[in-house]
Amino acid sequence: MVKAKNLVKRYGSNYALNDVSFEIGEGEIVGLLGPNGAGKSTAMNILTGYLSSSSGEATINGISILENPIEAKRLIGFLPEQPPIYPEMTVLEYLNFVYELKGCEFPRGEHIGEILSVVKLTDVKDRLIKNLSKGYKQRVGIAQALVGDPKVIIFDEPTVGLDPKQILEVRNLIRTLGKRHTVILSTHILAEVQAVCERVIIINKGKIIADARTEDIVRTIEDGYCYEARICGPTREVISAVKRINGVRSVDEAGVRDGDAAVINIETVGGSDIRRALFRLCVQNNWALIGLMPVGTDLESVFIRLVDRSERPDSSRRGLKRN
Ligand code: ADP
């Protein structure tokens with residue numbers, strides 16, 4: 001549905017995008033994740049036709065955004081970071097205005113009524129936009145992206161500046177939209193991708209450093225898992241016994257004892273699952289295993305590892321690239 005092929009965007013000698021390629025299928029919800037300056041907005045602006053690339057091609061449903069911009073843009077709804085809303089209009093006036101702007105041909109009342117209901121704005125449709133809370137304004141921004149029922153919806157940092165309740169509402173809304181649309185979401189918030197996206201494309205310094213299912217990224221075991229375990233036994237004996245389990249790379253004391261339990265960090269070798277062996281070891285020694293928690297596998301930690309690795313000269317991305 002959305003295809004970026006060898007996209008390059010140069011500003012002087014700097015590359016905002018350096019040979020970026022990806023394909024997003026119909027109905028996917030994909031997060032474009034990266035730190036500030038990574039190239040996310042540049043990529044979004046090229047995909048939505050607001051910016052031309054130095055080389056490479058972007059197509060929406062096979063239509064080139066450069067060669068057939070009007071046709072391609074009809075397939076895209078875009079929510080920029082600053083939604084283009086008019087505060088002096090009511091919600092309904094504004095959506096009617098966008099309807100005309102986009103030259104829609106659906107039955108107007110029905111189409112706008114449906115959008116109002118999806119984004120839960122029906123009750124405030126006659127209120128001036130300037131009097132709405134930031135969360136509601138964001139929904140108005142999402143509503144304008146939905147006018148014309150585009151196949152692809154692109155969100156640029158959709159929850160910035162919202163309070164936690166509003167953030168949950170907007171994320172739920174995006175998930176709902178993902179059932180009927182292809183969704184691309186740009187964000188620097190790792191939890192957002194984890195909450196909303198099935199797939200994540202991680203970008204850093206204009207290059208894609210990972211492209212995989214979100215859960216695979218989170219569960220990436222290339223560098224092994226790290227657990228914090230609480231085991232009721234003498235610390236030194238526990239550590240030396242755990243070290244002997246096949247697949248354990250290192251064991252350290254994690255901190256003060258928790259009552260009669262040793263608190264240890266266990267790092268495992270990539271690809272091994274030591275949990276059953278650890279359980280059996282505890283049973284054999286009559287040590288109660290009162291806690292086992294994965295640590296350092298949240299997207300944030302994985303992301304930092306990936307960025308670090310991509311910046312190493314011998315960078316290896318085995319297992320995380322889709323292609
Ligand atoms: P992100 O959205 O991930 O924060 P951007 O796409 O905005 O990143 O920027 C990527 C890189 O391109 C940054 O280094 C930025 O400074 C540079 N850049 C973006 N726009 C311009 C411009 N108009 N002129 C020069 N450099 C730019």
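In the predicted model, a backbone N or O atom of Ser41 lies 2.8 Å from an oxygen atom of the ligand, and a backbone N or O atom of Lys40 lies 2.9 Å from an oxygen atom of the ligand. A polar side-chain atom of Thr42 is placed 2.5 Å from an oxygen atom of the ligand; a polar contact is taken here as a pair of N or O atoms within 3.5 Å, where, within protein, one atom must be able to donate a hydrogen and the other to accept it, and residues adjacent in sequence count only if both atoms are side-chain atoms. Of the 560 Å² of accessible area that the ligand has on its own, the protein covers 54% (Shrake-Rupley method with a 1.4 Å probe; for residues, only the protein chains shown count as cover).

The residues around the ligand, each with a heavy atom within 4 Å of it, are Tyr11, Ala16, Pro35, Asn36, Gly37, Ala38, Gly39, Lys40, Ser41 and Thr42. This shell divides into four nonpolar residues, five polar residues and one charged residue, where Ala, Val, Leu, Ile, Met, Phe, Trp, Tyr, Cys and Pro count as nonpolar, Asp, Glu, Lys and Arg as charged, and the others, Gly among them, as polar. Helix H1 (residues 40-47) contributes the largest share of the shell, namely three residues.

Residues are numbered from 1 along each chain as its sequence is written. Because the model is predicted, local features need pLDDT of at least 70 and side-chain atom pairs count only at pLDDT 80 or more, whereas totals for chains, interfaces and linings use all residues, and side-chain values use heavy atoms, with hydrogens and water left out.

The protein chain has eleven helices and 14 strands, which are DSSP runs numbered from the N terminus (helices, H or I, at least four residues; strands, E, at least two). Buried residues make up 47% of the 323 residues in the chain, where buried means under 20% relative accessible area, exposed over 50% and partly exposed in between, with a 1.4 Å probe and protein chains only. The accessible surface of the protein chain comes to about 16,100 Å², of which 48% belongs to carbon and sulfur atoms. Among contacts (heavy atoms within 4.5 Å) between residues at least 6 apart in sequence, 68% join residues at least 24 apart.

Strand E3 (residues 29-33) is mostly covered, with five of its five residues buried. Both faces of E3 are covered, with Ile29, Gly31 and Leu33 on one side and Val30 and Leu32 on the other. In a regular strand the side chains alternate between the two faces of the sheet. Strands are considered paired if DSSP finds at least two bridges between them. E3 runs parallel to strand E8 (residues 182-187), to which five bridges join it, and Gly31 stands opposite Leu185 in E8. Four bridges join E3 to strand E9 (residues 199-204), again in parallel, and here Leu32 stands opposite Ile201.

In strand E6 (residues 76-79), Ile76 and Phe78 point one way and Gly77 and Leu79 the other way, and all are buried. Four bridges join E6 to strand E7 (residues 152-156), and the two run parallel; the bridge partner of Gly77 in E7 is Ile153.

An antiparallel arrangement is found in an open sheet of four strands in the order E2-E1-E4-E5. Its edge strands are E2 (14-24) and E5 (63-64), each of which pairs on one side only. Eight bridges join strand E1 (residues 2-11) to E2 in antiparallel fashion, with Ala4 standing opposite Phe22 in E2.

In helix H9 (residues 235-243), the buried residues are Thr235, Val238, Ile239, Ala241 and Val242. What covers these residues includes strand E11 (226-232), strand E12 (248-253), strand E13 (262-268) and helix H10 (275-285).

Two individual residues were also examined. Asp211, found in strand E10 (residues 207-213), counts as buried because its relative accessibility is 4%, and its side chain makes a polar contact with the side chain of Arg199 (2.9 Å). Ile167, which lies in helix H6 (residues 164-177), likewise counts as buried, at 18% relative accessibility. Leaving aside its neighbours within four places in sequence, Ile167 is in contact with Thr159, Leu162 and Glu192. Ile167 and Glu192 are 25 residues apart in sequence and 9.1 Å apart in space, C-alpha to C-alpha.
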